[in-house]
Structure formats: structure tokens, C-alpha cells
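Please walk through this protein model with me, one region at a time. Begin with a single side-chain pair, then widen the view.

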Amino acid sequence: MAFPIRLLAMVCAFAFMVAFAVVLARLTLEPSPASAALTHTNVHPGRSLHAYLDQPALRDAVKQIGGNILLGVPFGILVPVLAPRARGVLRVLLLTALVMLLVEFAQGALITGRAFDIDDVILNTTGALIGYVLLGRRMSRAVHARERRA
């Protein structure tokens, strides 16, 4: 890929990552005083997933699980484009898990009406895997293709 096109791709990916960071912060780091009494910290993988699936309204479970998966998808797409050294499924997943752990720690420690939930980290990281497999790997290879020597 020619340098100007690669540069444009990197600038666009950076703009999307910044926009995503703003959306992520608004969705996860805004206080929710009305739900302060309802929030519970979860450090046991699967506990929240089980609670979501046991709800009588399937819509609520889909919203919780699907929303957390969707929050991770941009990481799987944009991280390998923005950080070529972070290419590779394990690196993308580790970076996503680390960022999401930091978000969850901030929620649990600093935000009223929010709590740490390990299942959110698992779902976000699953979303990153989906994004990486569907688009991230191919986009990264296109933008950061190694030139072949003749």
C-alpha cells in the first residue's frame, strides 16, 4: 500500500479509536446513583452471565451480553491497524483485556452505581476476538504489508 494511503488509513483508524474511547467512557464511566443499591462486584467468571440468562426477559440478557461484546469489537479491528507490533490474536486479546480490566477497576473503585464485573471483561475480550477475526487481521495486513523483495 502506498505511503499516503497508509497514512490516511492510520489517521482514520486513530480518529475512530478516539471516538470509540469517548463512547466507551460515556457508557462505562458515568455515575449511576439510581442503581447504586443494585450493583454488586463480581469476581467469579460466569456468575453475571448466568444471572443475565436467568432473567425472564430475553431482551435484557441480549442487551447486556451483546452490548458488552460489541464494546470489544473496535479493539479487535483498530488495535492491529494502529499498533502493528500488537498484531496477532494473543496480543490484541491481552491488550483488550488489560484496558477493560482498567475500566472495570475504575468503575468499581470510583464511579457511583457501577461495580467491577469480570464477566464484562470476558465479553469485551470476546468482542475483540470477533473484530480481529472478521476485519482486524485483514485490515492490519493491508495497511502494514511487508514489501516483498525480488
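**A guided look at the model**

The side chains of Ser48 and Asp117 are joined by a polar contact of 2.6 Å. A polar contact is a pair of N or O atoms within 3.5 Å; within protein, one must be able to donate a hydrogen and the other to accept it, and residues adjacent in sequence count only if both atoms are side-chain atoms. The model is predicted, so local features need pLDDT of at least 70, side-chain atom pairs count only at pLDDT 80 or more, and totals for chains, interfaces and linings use all residues. Residues are numbered from 1 along each chain as its sequence is written, and side-chain values use heavy atoms, with hydrogens and water left out.

Ser48 sits in helix H2, residues 47–53. Helices (H or I, at least four residues) and strands (E, at least two) are DSSP runs, numbered from the N terminus. Is Ser48 buried or exposed? Ser48 is buried, because its relative accessible area is 11%. Buried means under 20% relative accessible area, exposed over 50%, and partly exposed in between, with a 1.4 Å probe and protein chains only. Not counting residues up to four places away in sequence, Ser48 touches Asn42, Asp117 and Asp119. Contact here means heavy atoms within 4.5 Å.

Now take the whole chain. The protein chain has five helices and zero strands. From the N terminus on, its elements run α-α-α-α-α. The C-alpha trace spans about 65 × 25 × 25 Å along its principal axes. Of the 150 residues, 35% are buried. Among contacts between residues at least 6 apart in sequence, 78% join residues at least 24 apart.

Thr28 is buried, with a relative accessible area of 8%. Its side chain reaches the backbone oxygen of Leu24 at 2.6 Å. Leaving aside neighbours within four places in sequence, Thr28 is in contact with Leu71, Val103, Gln107 and Arg114. Thr28 and Arg114 are 86 residues apart in sequence, yet 8.2 Å apart in space, C-alpha to C-alpha.

Next, look for charge pairs. Side chains of opposite charge can pair when their charged atoms come close. How many salt bridges does a search of the whole structure find? The search finds one. A salt bridge is a side-chain nitrogen of Lys or Arg within 4 Å of a carboxyl oxygen of Asp or Glu. Arg26 and Glu30 form it, with the closest N and O atoms 3.4 Å apart. Arg26 is exposed, at 55% relative accessible area. Glu30 is partly exposed, at 35%.

Turn to helix packing. Helix H4 (residues 89–110) and helix H5 (residues 118–143) pack at about 145 degrees, with axes 9 Å apart. Axes are lines fitted to C-alpha atoms, for helices over the stretch in contact, and angles run from 0 to 180 degrees between N-to-C directions. Among the residues that meet are Val89, Leu93 and Met100 in H4, and Ile118, Val121 and Leu129 in H5. By class, this contact has 11 nonpolar, three polar and two charged residues.

Finish at Gly131, also in helix H5. Gly131 is buried, with a relative accessible area of 2%. Leaving aside neighbours within four places in sequence, Gly131 is in contact with Val73, Gly76, Ile77 and Gly136. Gly131 and Gln64 are 67 residues apart in sequence and 18 Å apart in space, C-alpha to C-alpha.

Definitions and conventions. Ala, Val, Leu, Ile, Met, Phe, Trp, Tyr, Cys and Pro count as nonpolar, Asp, Glu, Lys and Arg as charged, and the others, Gly among them, as polar.
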